[in-house]
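Thanks for coming, everyone. Please bring the structure up on your screens and we will walk through it together.

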Amino acid sequence: MRLLYTLAWWLALPLVLARLWLRGRQEPGYRQHWGERLGFYPRQQAPAPATLWLHAVSVGETRAAEPLIDALLAAWPACRIVLTHMTPTGRATGKTLFAKHGARLVQSYLPYDTGAMPARFIRHFAPRICILMETEVWPNLIHQCNRYKVPVVLANARLSQRSLGKAQRLGKLIADAARGITLVAAQTQDDAERVRLLGVRNVVVTGSIKFDVVVPAAALATGAALRSAIDASSHPRPVLLCASTRGGEEHLLLDAYIRASLPANALLLIVPRHPQRFDEVEKLIAAQGLAVQRRSGLAQDDLVAAGTQVLLGDSMGEMFAYYAACDCAFVGGSLLPLGGQNLIEPAALGKPVLIGPHTFNFALVTEQAIAAGGAARVADADALMAQASALLQDPAQLASMGQKALAFAAQHRGATPRTIAAIQPLLR
């Protein structure tokens, strides 16, 4: 099965590279560093320190990895980290987050899973360990790690029932890869049980590292400045944030916003999950006849105009700032059957969280937040706007729900030290 998988990779590679080039028309980062994706690297000029390898596919995983990366570098001060990604936005996020570590953190794209390419990566960087974040399982990468005796850890692991079914349909290919994983640090007991069904032998429950993310002071300052720019022209303006929205959701949200009875001067702040959709979403907002401004068009002293109905969050790396600037947050990917996104970030900032019906990728954490009173589930976009309107017009309820969200986030911290303790025996 793995040989067939490898052959399929080689046959598909021209199409993969063509798609990469086409995506580069909207995101130029896809046309950079191709050598890394193919497993080619410049010769190192001096012996490198001992290397820990961590893979975070895109923005969400990179931000989630921040507490773990900081803890790894603190626990092993003689080591460096090679941080790999699959997307330019993930790489850009890592560059911003980890500039503080200087030469102790090196970034690269993950080579394609052809077998030969991951092998070249391992020979070049000689990692002591491979840590994959959340759901990344690459059969050839794991096989090559086993071949070169590099322990493989799946950290902050989550596996929905749907993903388990997909994995099981791949049969021996995934079963062999699962048996090649040295350790899985799962977010929940349910995740752990599903991972064990794939054949992983060593599974521990550590909790979600995302609860341990520290909100940067700079992000709070940016959020405060953005809120001042919103309130200055029409003081004060209630702000409903729709974060990490996906294709198809913005249309539902805008239609419901037009029908809703929100406070007269309320501002709808929409932040699409994928940057290549920023222009598309702006056109959609304008087509609805709504007055729109873009975050990228705001200079340092610019204000959000009093007549602006929708502010489009079209900047990268500012999600914490957007959460800090809002009164109430809807977490996208949940109005349509897309599995939802993580609600920990708004909860950690003490913001009431609204979530749609489709949260199968984050089922347990969503139910826990709802049970704690820090989040509420809505059936559709109209119900979302009705709930948001009620909260924005009831300061006491808004504050109470926000405090419960904050308490929920604080209660679940501690996954990072548990993950480090589980990894430690592999690096002695």
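This is a predicted model: local features need pLDDT of at least 70, side-chain atom pairs count only at pLDDT 80 or more; totals for chains, interfaces and linings use all residues.

Now the overall fold. The protein chain contains 19 helices and 14 strands. Along its principal axes, the C-alpha trace spans about 65 × 45 × 40 Å.

How does the radius of gyration fit a compact globule? For 428 residues, such a globule would have a radius near 22 Å, and the protein chain has 22 Å, so the two agree.

Next, burial. Of the 428 residues in the protein chain, 56% are buried. Buried here means under 20% relative accessible area.

The accessible surface of the protein chain is about 18,100 Å². Carbon and sulfur atoms account for 57% of that surface.

What about contacts along the sequence? Take the contacts in the protein chain with a separation of 6 or more: 70% of them join residues 24 or more positions apart.

Last stop, empty space inside. Rolling a probe the size of a water molecule over the atoms shows where such space is left. How many cavities of 30 Å³ or more are there? The count comes to 1. The volume of the largest cavity is about 30 Å³.

Which residues line the largest cavity? They are Met86, Leu110, Pro111, Tyr112, Asp113 and Trp138. By class, that lining has 5 nonpolar residues, no polar ones and 1 charged.

Conventions
Residues are numbered from 1 along each chain as its sequence is written. Side-chain values use heavy atoms; hydrogens and water are left out. On a 1 Å grid over the protein atoms alone, a cavity is a set of points where a 1.4 Å probe fits but cannot get out, and a pocket is an open set with protein on both sides within 12 Å along at least five of seven lines; lining residues have an atom within 4 Å of a point. Grid points are joined across faces, edges and corners, and a volume is the space filled by probe spheres set on the points. Ala, Val, Leu, Ile, Met, Phe, Trp, Tyr, Cys and Pro count as nonpolar, Asp, Glu, Lys and Arg as charged, and the others, Gly among them, as polar. Helices (H or I, at least four residues) and strands (E, at least two) are DSSP runs, numbered from the N terminus. The radius of gyration is taken over C-alpha atoms; the globule rule is 2.2 Å times the number of residues to the power 0.38. Buried means under 20% relative accessible area, exposed over 50%, partly exposed in between (1.4 Å probe, protein chains only). Contact means heavy atoms within 4.5 Å. Accessible areas come from the Shrake-Rupley method with a 1.4 Å probe; for residues, only the protein chains shown count as cover.
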